[in-house]
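Me: I'd like to go through some labels on this model and see which definitions stand behind them. Can we take them one by one?

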Amino acid sequence: DISLRQDSVFEAALTAAQSGGFAHEVLDHADLASRFPALDLPKKARAVWSPDSGLLDSDDAIKWMREDAIRNGADLRGETRVTGWSKTANGYKIKTATDTITARKLVIAAGAWAAELIPQLAPILTPERQILCWYGSGEMSAYNDLPIFQYETEDSERYYAFPPHKGAGLKFGLYHHRRQRGTKYIESRGVELADKSALAAGLDQ
């Protein structure tokens, strides 16, 4: 966690590491420049570095969970739209676009669409459009040895980056990058020039 501010991300990360007893180091600008020369940061940059941090490969994790579920008797139905559900005497009835399924237990993990299935969540659950970009590993080879990090600017913008992984290049994003919130942004609309510009501004910093 790298920040140019005196509060927020840096202090939150430091407090979490200290209260949780996690291994960590506090790095100033000179430490960052020496350890991670690919990052050209302003003098006021400070960071909390956690040597035990890492990443969970979500594709591999999901693949393992699917395979394990099938081994244990699960009936997986891909590309199946759930339109509603109701409680029954013995469990639940789930309606899809083409069928009705009965089950003893029901777990709703619908992400941005959860409020459509649980209307009570609508006042507190707001989907937000989020764009990530992957920059070619050839262009970003200097970043191969970087850790996963987030970077908070003086304006409280928070960028985050994952070093090249499995040949995918540098993964780069911006929290709340265009403040596009609401169900109208759920459906895919592709990457727009404004999305690229918002992320490019972070790379330039």
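Me: What makes the contact of glutamate 192 and arginine 178 a salt bridge?

Reply: The cut-off is a side-chain nitrogen of Lys or Arg within 4 Å of a carboxyl oxygen of Asp or Glu. Here the N to O distance between the side chains of glutamate 192 and arginine 178 is 2.7 Å, a salt bridge. Both residues sit in the loop between strand 10 (170–174) and helix 5 (193–204), 14 residues apart. Keep in mind that this is a predicted model, where local features need pLDDT of at least 70, side-chain atom pairs count only at pLDDT 80 or more, and totals for chains, interfaces and linings use all residues. Residues are numbered from 1 along each chain as its sequence is written, and side-chain values use heavy atoms, with hydrogens and water left out.

Me: Why is glutamate 192 called partly exposed?

Reply: Buried means under 20% relative accessible area and exposed means over 50%, with partly exposed in between (1.4 Å probe, protein chains only). Glutamate 192 has 22%, so it counts as partly exposed. Arginine 178, at 27%, gets that label too.

Me: Which residues are linked with them in a network of salt bridges?

Reply: The network is made of Arg129, Arg178, Glu192 and Asp195. A search of the whole structure turns up 13 salt bridges.

Me: What makes aspartate 75 and arginine 77 a salt bridge, too?

Reply: Their side chains meet at 3.0 Å, N to O, and that passes as a salt bridge. Aspartate 75 has a relative accessible area of 53%, so it is exposed, while arginine 77, at 42%, is partly exposed.

Me: And how do you know that arginine 46 and glutamate 11 meet in a salt bridge?

Reply: Their N to O distance is 3.8 Å, and the pair is listed as a salt bridge. Arginine 46 is in strand 3 and glutamate 11 in helix 1, so the pair ties together parts 35 residues apart in sequence. Arginine 46 is partly exposed because its relative accessibility is 21%; glutamate 11 is partly exposed as well, at 31%.

Me: How do you know that the span of helix 1 agrees with what it should be?

Reply: Helices (H or I, at least four residues) and strands (E, at least two) are DSSP runs, numbered from the N terminus. The expected span is 1.5 Å times one less than the number of residues. For the 12 residues of helix 1 (residues 9–20) that should give 16 Å, and the end C-alpha atoms are 16 Å apart, so the two agree.

Me: What are the buried residues of helix 1, and how do you know that they share a side?

Reply: The buried ones are Val9, Phe10, Ala13, Leu14 and Ala17. They cover an arc of only 125° around the axis, which puts them on the same side of helix 1. That arc is taken from the directions from the helix axis to the C-beta atoms. On the face turned away from the buried side are the exposed Gln18 and Ser19. Glycine 21 follows helix 1 with a positive phi, near 70°.

Me: Why are strand 4 and strand 5 called paired?

Reply: Two strands pair if DSSP finds at least two bridges between them. Strand 4 (residues 82–87) and strand 5 (residues 92–96) have five bridges, in the antiparallel sense. Serine 86, for instance, is bridged to lysine 93. Strand 5 also runs antiparallel to strand 6 (residues 100–103), with four bridges.
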